Amino acid sequence: MARGVVLTESLIRRLGEVGVRAVCIENRATDDILVREIVDERTKVQLLGMTYDTLHELATTQFTPYVQPKRLRQSFAPVVEDVIAQLKESGAAGDQLSSVYVTDGELFHHSVNVTFYALALGMHMGLNKSELIDLGIGTLLHDVGKLCIDASVLQKPGRLSDEEFQEVQRHAQLGYDILSRQGDISARSSIIALQHHERMDGSGYPGGLTGKDIHPFSQLSAVADVYEALTANRVYRRAFLPHDAMRVIQDEHAKGRFSDFAVRAFLETISIYPIGMSVRLSNGHLAVVVRSSEHLQFPIVRVIEDEHGQAIVPYEIDLATVSDIRIEACES
């Protein structure tokens with residue numbers, strides 16, 4: 001499609017038919033709203049490539065000269081340090097982490113996104129450099145055990161049978177067994193693979209652990225893992241919108257399944273409404289998030305269309321200061 005083409009309903013339908021899920025729309029009312037890349041594209045590509053190669057090599061126990069069994073931490077540490085430096089430079093650790101999605105639907109994409117979230121949480125909590133590197137490596141490789149599970153089970157579009165669910169649950173122990181055999185992967189990195197599905201109330205797996213028996217890194221990773229999984233498309237469902245995913249996290253926390261410190265860090269670090277997101281207000285107007293306020297649930301938005309979809313003179317609202325207007329939905 002050429003620059004300047006106006007999207008009609010038929011064009012939008014055709015784009016969907018050929019697999020295009022999103023396009024950039026020019027709008028003078030929002031030209032000044034810049035969505036900053038917190039982690040640059042070069043680093044994302046490098047990390048994706050390394051994670052993809054390493055996950056498959058570990059799962060098949062075949063190692064190339066590039067990644068030897070006893071050099072995994074040595075290989076990953078510089079790239080993880082680069083991510084940490086970029087997060088610090090962007091202010092993500094001290095403020096809010098906006099959208100860092102690479103893409104979705106693939107195991108290695110999921111692992112990289114979980115790592116971005118987990119590192120931001122770890123920085124917010126004041127972990128030192130060595131701890132952050134171990135946390136980053138552990139989350140990058142936390143799902144390696146899934147590559148030992150039949151893909152037809154993992155990608156099944158319908159509900160899993162009890163036997164199939166038990167098979168999927170094996171990935172935690174399998175992943176831990178693989179990582180704990182590596183010479184320079186620390187115990188606090190490999191434990192994430194084993195415990196990221198454990199829950200504080202004992203309802204998780206594989207060990208049904210509770211409270212302090214779950215490593216703090218695993219507690220952080222569990223929240224990041226669930227949020228990322230919810231906000232990504234899956235074969236059996238569409239992605240949750242960020243505010244809906246956050247509501248799930250809070251509901252699970254209320255049931256005692258996530259730790260207080262992990263959820264608190266997440267709420268204080270991850271932006272529910274990232275800059276540039278389109279939102280539908282309770283009065284029917286369409287707005288775009290301009291910046292975050294001190295209240296994560298109530299960002300500052302710029303209203304650009306009325307309830308009939310007609311462009312209006314843009315104006316901004318701090319939703320924390322008004323009681324009669326709220327966000328009803330995010331425009332996907």
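## How α4 meets α9

Is the crossing of α4 and α9 left-handed or right-handed? The crossing of α4 and α9 is right-handed; a crossing takes that name if the near helix is turned clockwise from the far one by less than a right angle, and is left-handed if anticlockwise. This is a predicted model, where local features need pLDDT of at least 70, side-chain atom pairs count only at pLDDT 80 or more, and totals for chains, interfaces and linings use all residues. Residues are numbered from 1 along each chain as its sequence is written, and side-chain values use heavy atoms, with hydrogens and water left out.

Helix α4 covers residues 107-124 and helix α9 residues 216-230; helices are DSSP runs (H or I, at least four residues), numbered from the N terminus. Their axes lie 9 Å apart and the packing angle is about 135 degrees, with axes fitted to C-alpha atoms over the stretch in contact and angles running from 0 to 180 degrees between N-to-C directions. That makes α4 oblique to α9 (under 35 degrees counts as roughly parallel, over 145 as roughly antiparallel, 65 to 115 as roughly perpendicular and the rest as oblique). On the α4 side, the contact (heavy atoms within 4.5 Å) is made by His110, Asn113, Val114, Tyr117, Ala118, Leu121 and Gly122. Helix α9 brings Leu220, Ala224, Asp225, Tyr227, Glu228 and Ala229. These residues divide into eight nonpolar, three polar and two charged; here Ala, Val, Leu, Ile, Met, Phe, Trp, Tyr, Cys and Pro count as nonpolar, Asp, Glu, Lys and Arg as charged, and the others, Gly among them, as polar.

## Other helix contacts

Helix α9 also packs with helix α5 (residues 129-140), where the axes come within 11 Å and cross at roughly 50 degrees. The two are therefore oblique to each other, and the crossing is right-handed. Glu131, Asp134, Leu135 and Thr139 of α5 touch Phe217, Leu220 and Ser221 of α9, a set of three nonpolar, two polar and two charged residues.

Helix α4, in turn, packs with α11 at about 100 degrees, with the axes 9 Å apart, which makes α4 roughly perpendicular to α11. Ala120, Leu121 and His124 of α4 make this contact with Ala265, Phe266, Glu268 and Thr269 of α11. Four of these residues are nonpolar, two polar and one charged.

## Aromatic pairs

Four aromatic pairs are counted, using rings of Phe, Tyr and Trp (its six-membered ring) with centres within 6.5 Å. Tyr117 and Phe266 form a tilted pair, 6.2 Å centre to centre with 50 degrees between the planes (under 30 degrees is stacked, over 60 edge-to-face and the rest tilted). Tyr117 lies in α4 and Phe266 in α11 (residues 260-269), so the pair ties together parts that are 149 residues apart in sequence. Tyr117 is buried at 2% relative accessibility, and Phe266 is buried at 0%; buried means under 20% relative accessible area, exposed over 50%, and partly exposed in between (1.4 Å probe, protein chains only). Ring pairs link Tyr117, Tyr227 and Phe266 into a cluster.

Phe165 and Tyr205 have ring centres 6.1 Å apart and planes at 80 degrees, so their pair is edge-to-face. Phe165 lies in helix α7 (residues 162-180) and Tyr205 in the loop between α8 (187-195) and α9, so this pair ties together parts that are 40 residues apart in sequence. Phe165 is partly exposed at 40% relative accessibility, whereas Tyr205 is buried at 13%.
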